[in-house]
Amino acid sequence: MRTRKRYLSLAASLVLLSSVACSGSDGAEETKAPAGPVPEGFENFYAQQLDWGDCEPYADDAMARQVFSGDGLECARLTVPLSYEAPQGKTINVGLLRKQASDPDQRIGSLVLNPGGPGGSGMMTAAQLAGTIANTELGKRFDLVGFDPRGIGASEPVIECRTDAEMDADRADTSSMDGVDDVADAEQDAKEFARSCAERTEHGEEMLANLGTRDVVRDIDVMRSALGDEKLTYLGYSYGTRIGYTYAETFPGNVRALLLDGAIDPEQDMLDSLVGQAEGFGNTFDRFVEWCVSRNDCALGRDSGKAVEAYQGLVRPLLDEPVTLPDGRVLTYDDATTGTVAALYSQQLWPTLNQGLNGLKQDNGAMLMALADTYYERGPDGKYSSTQEGLVAIRCVDDPPVTDQAKIEEAQARYLELAEFLDPGLPPSSARDACAFWPVEHTSEPHLPDVEGIPPALVISSTDDPATPYQAGVNLAEAIGGRLLTFEGAQHTAFLTAGNQCVDEAGTAYLVEGTLPPEGTRCG
């Protein structure tokens, strides 16, 4: 049997954050001189004074409290219009976290980052990277600033679709997906998810209609001015690359530097992205197998030609008989495969994946469940972050919905051909996802961005990136006239994340000095 939640959203398959009142305000009360150009009618927003302080009040779970307690971290909220079509109407808040430059005399400005998702917490990522760059040229020359996109994490209000208990129940559901009635049931679940997002999220459909990348880049421009920067220096990972090139398209004159790592192909629609990602995960699983079969303890045996069959032999029984964990939760087929996919994001997690698969042989699903929990951002207390709901909501408003069931079934079949290890042995589903029933219209379309006049961007792409295939980076660099830096490795994103000196030095030189690496540079 196949669980329904796998088809809740095609968007969710793409993977691979002191306040002002959220309604009725005309903007920030405290103002200063804005930095750089200001669109007419938004002067109060661009001139607002950020109230930096302790980050503890911004943490909504134990992990965030721990990460936000790092030395020198400070947080604030930025006030922005709920709708940029109505700047005098309702306002919302965007959470910010900052680590100031350690050499103020040599400070260039702010380095604003986004980790992707969509819906990932930039505040968490900035807090985690602050220590990494503390004694580097980046840490000395830039204030590191991460933000939680509107509707996410410490931003207000937060997207709300399912309770933590409902999320747990959804993951534990083993309802079948192998017949016409099951497709109808899955689509009913998708409709209910879309409806609950509109009903439970503050400002309802108006909030959902203004969650997309179109609006996030407007928030970033307000942020740029409030931070005191005339031009933006930006670091975007994964889906954050889309935010970066969309910002450049919207505000080309306000760009100082764009470093885009783990690129999204700007011309791909949702189905093409899904299939491209399947190829990435399939290739990375093959790399994992090559690594694994050289070990005496490989859970998949020593014959690489039989590894996919061995993997399926371990996880397919979970379709009918999930493994019960000591805490009463159950490891389902979907959680086991999700945990596998989570481990493929970084080669550093391959030993953990092998350990989890060996555990499954002994009916111990704890390690694979822990990997799946990491992917879903579920804390030990059972509390989920807003990332998964944000991912669906943002993708549904960012891209045209897929409603052709024949095309959905064809894409699912292609997905399982390219990522064979994820094939449950059942027919592909034609069920439409939540985006097909979304209560508001989408606000963007796949297209080649027009970024004429911006400084050359640096695009980093990994040869065996499982989530954003290498060719997407090649295509993006060409589309925006940027320079491509190739990282030879099985890693989703590389700058400051892969521990590769070649990549880190090239990225730092670009962000600090504007120096691009030589054409054709490859880092291994």
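The mean pLDDT of this protein is 92, and 93% of its residues reach 70 or more; pLDDT is the predictor's confidence in each residue, from 0 to 100. This is a predicted model, so to speak of local features I need pLDDT of at least 70, and side-chain atom pairs count only at pLDDT 80 or more, while totals for chains, interfaces and linings use all residues. Residues are numbered from 1 along each chain as its sequence is written, and side-chain values use heavy atoms, with hydrogens and water left out.

One stretch to set aside is residues 1–29, where pLDDT stays under 50. Where pLDDT is low, the predicted coordinates should not be read in detail.

Now the sheet. Nine strands make an open sheet of mixed pairing, in the order β1-β2-β4-β3-β5-β6-β9-β10-β11. Strands here are DSSP runs of E, at least two residues, and helices are runs of H or I, at least four, numbered from the N terminus; two strands pair if DSSP finds at least two bridges between them. At the edges stand β1 (73–81) and β11 (522–523), each with a single partner strand, so one side of each has no neighbour in the sheet. Inside the order, β5 (232–237) and β6 (255–261) pair in the parallel sense over six bridges. Threonine 233, for instance, has alanine 257 of β6 as its bridge partner.

Next, the disulfides, meaning pairs of cysteine sulfur atoms within 2.5 Å. How many does a search of the whole structure find? It finds five. One of them joins cysteine 55 to cysteine 75, S to S 2.1 Å. Its torsion about the S-S bond is about 100°, so this disulfide is right-handed. Cysteine 55 lies in the loop between α1 (43–46) and α2 (62–68), and cysteine 75 in strand β1, so the pair ties together parts 20 residues apart in sequence. Cysteine 55 is buried at 0% relative accessibility, where buried means under 20% relative accessible area, exposed over 50%, and partly exposed in between (1.4 Å probe, protein chains only).

Another disulfide joins cysteine 161 to cysteine 197, S to S 1.9 Å. Cysteine 161 sits in the loop between β4 and α5, and cysteine 197 in helix α6 (180–200), so parts 36 residues apart in sequence are tied together.

In the largest nonpolar core, of 110 residues, Phe68, Trp438 and Phe495 touch the most other members. Such a core is a set of buried Ala, Val, Leu, Ile, Met, Phe, Trp, Tyr and Cys residues joined through side-chain atoms within 4.5 Å.

Methods
Contact = heavy atoms within 4.5 Å.
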